[in-house]
Amino acid sequence: MEKIKMTTPLVEMDGDEMTRILWKMIKDELILPFVDLKTEYYDLGLPNRDKTSDKITVDAANAIKKYGVGVKCATITPNAQRMTEYNLKEMYKSPNGTIRSILDGTVFRTPITIPSIHPAVKFWKKPITIARHAYGDVYKSVEIVADEPGTAKLVFDGESGKHEEVVIQQFKGPGVLQGMHNTEKSIRSFAHSCFQYALSLKQSIWFATKDTISKKYDGRFRAIFEEVFQEYKDRFAEAGIEYFYTLIDDAVARVMRSEGGFIWACKNYDGDVMSDMVSTAFGSLAMMTSVLVSPDGNYEYEAAHGTVTRHYYKYLKGEETSTNPIATIFAWSGAFRKRGELDNLPELVAYADKLEAACLDTLNEGYATKDLVNLMEGITPTMLTSAQFLAEIRKHLEKSL
Ligand SMILES: NC(=O)c1ccc[n+]([C@@H]2O[C@H](COP(=O)([O-])OP(=O)(O)OC[C@H]3O[C@@H](n4cnc5c(N)ncnc54)[C@H](O)[C@@H]3O)[C@@H](O)[C@H]2O)c1
């Protein structure tokens, strides 16, 4: 068979530990035999980040800005233990954090569902994507423990000389207080990313805050979303999708009773909490995809999970592992599909669809990695090693290509 052509390179970001091993296996088994792969390769593995003093991460993020689509392997975020393990020059920041701050994006997380893994919520038939605002609020807050009676105030001193002051509380005894913020720029880019992603998936988007209580703070979020939506209104109507705003408590109740199949845009804290609830209720972290979408339309695909350290140490001892490659394969397929759409390459889009279908067919026949075997119902699963599982997916892919 002639290999499928690409015209623009994908920004390929290699990573660490077990996922780095899987990365190569996925390329060798499922990509290189079928696609005339064009990538611009960035090795974000921790040794190379250290060697380049993390310049490689910045270069990779800038390459995504240049080409528009990247695919990333999971990477270690160093801590004290990793400093010793890898003899690092410094404790580098999380690569995802660095890339996010350069692309200024929103993270969308979607569970990959199969009929034999039943969501904990019986009404859910289609995946629910969480869009989490990744800046500000309680994550950039300042706090004080007031240990005596006194007055707490919120003060704003404008550059123009304007002065605003409100009393938060007259404490009669000890208490706690917190100051948090967000910026119009960040909320606006969050809204753009959400509406663009909804259009690209052709799925409706829900957004919820508590603006009945937080009239100014949450009220600004609601107003900015409403204002930005005006730019997308006609395209939403054309695509047959809607933007739906409600209160966060109502949203939670509706999500529980829904069939799924929509995007749920959440403020930072809501997204933090709700994405764990949604991924757990749908099944497993190893079946969760993640894509960072920037307001100017750049896309970075990855798996939501980490580098699966425990499996890597087994691998280093020469033991076989049964590590789930699905979310990493879907990161590649997502990137190929987007590249295909942008470059008008229907064959590349079809390959991405077939690659995903081959994964799902393999799982639906009961072939699975260890993490999924206990979750499957209604079929007798066969547990495979990572290599056996990839070989099984390849068989399905070859048939469909
Ligand atoms: N996006 C990223 O690059 C990212 C995200 C999270 C953690 N990390 C890094 O990954 C390393 C390990 O972190 P962690 O243990 O908290 O997270 P992890 O996602 O690697 O593992 C969490 C748990 O889920 C299981 N698991 C995750 N993915 C799996 C898969 N594909 N197949 C089978 N089981 C799977 C693991 O065995 C473990 O029990 C850390 O160094 C951390 O910095 C990276």
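Let's start at P78. P78 touches L46, M83, L88, M91 and Y92, leaving aside residues up to four places away in sequence. Touching, or contact, means that two C-beta atoms, placed from the backbone, lie within 7 Å. P78 is found in the loop between β3 and α4 (80-85). Helices here are DSSP runs of H or I with at least four residues, strands are runs of E with at least two, and both are numbered from the N terminus. P78 and S94 are 16 residues apart in sequence, and their C-alpha atoms are 7.4 Å apart in space.

The cut-offs: buried is 20 or more other C-beta atoms within 10 Å of a residue's own, exposed is 12 or fewer, partly exposed is in between, and C-beta atoms are placed from the backbone.

A word on the source. This is a predicted model, where local features need pLDDT of at least 70, side-chain atom pairs count only at pLDDT 80 or more, and totals for chains, interfaces and linings use all residues. Residues are numbered from 1 along each chain as its sequence is written.

Now helix α3. It runs over residues 55-67, 13 residues in all. From first C-alpha to last, α3 reaches 18 Å, close to the 18 Å expected at 1.5 Å a residue. That expected span is 1.5 Å times one less than the number of residues. Which residues of α3 are buried? They are I56, T57, A60, A61 and I64. They cover an arc of only 140° around the axis, so they sit on the same side of α3. The arc is taken from the directions from the helix axis to the C-beta atoms. Here is the general rule: an α-helix has 3.6 residues a turn, so residues three or four places apart point the same way.

What covers that buried side? The cover includes β1 (10-14), β2 (39-43), α2 (46-51), β3 (69-72), α5 (95-103) and β14 (299-303). On the face turned away, α3 carries the exposed residues K55 and K66. After α3 comes G68, with a positive phi near 100°.

Two residues other than glycine also have positive phi. S53 has about 50°, and V308 is near 50°. S53 sits in the loop between α2 and α3. V308 is in the loop between β14 and α11 (309-316). S53 is exposed, with 12 other C-beta atoms within 10 Å. V308 is buried, with 23.

Next, I393, in helix α15 (residues 386-400). I393 is buried, because 25 other C-beta atoms lie within 10 Å. Leaving out residues up to four places away in sequence, I393 touches L30, A358, C359 and T362. L360 is 33 residues from I393 along the chain, and their C-alpha atoms are separated by 8.7 Å.

On to domains. The assignment gives domain 1 (1-111 + 289-401), domain 2 (118-136 + 182-282) and domain 3 (142-180). Those bounds come from an automatic or database domain assignment. The C-alpha centres of domains 1 and 2 lie 26 Å apart. At their interface, 14 residues of domain 1 are in contact with 19 residues of domain 2. Strand β4 (residues 106-111) gives the largest share of the domain 1 side, 6 residues.

Last, the ligand. Of the 17 residues around it, T77, A286, H305, G306 and N324 come nearest. Near means a C-beta atom, placed from the backbone, within 6 Å of the molecule.
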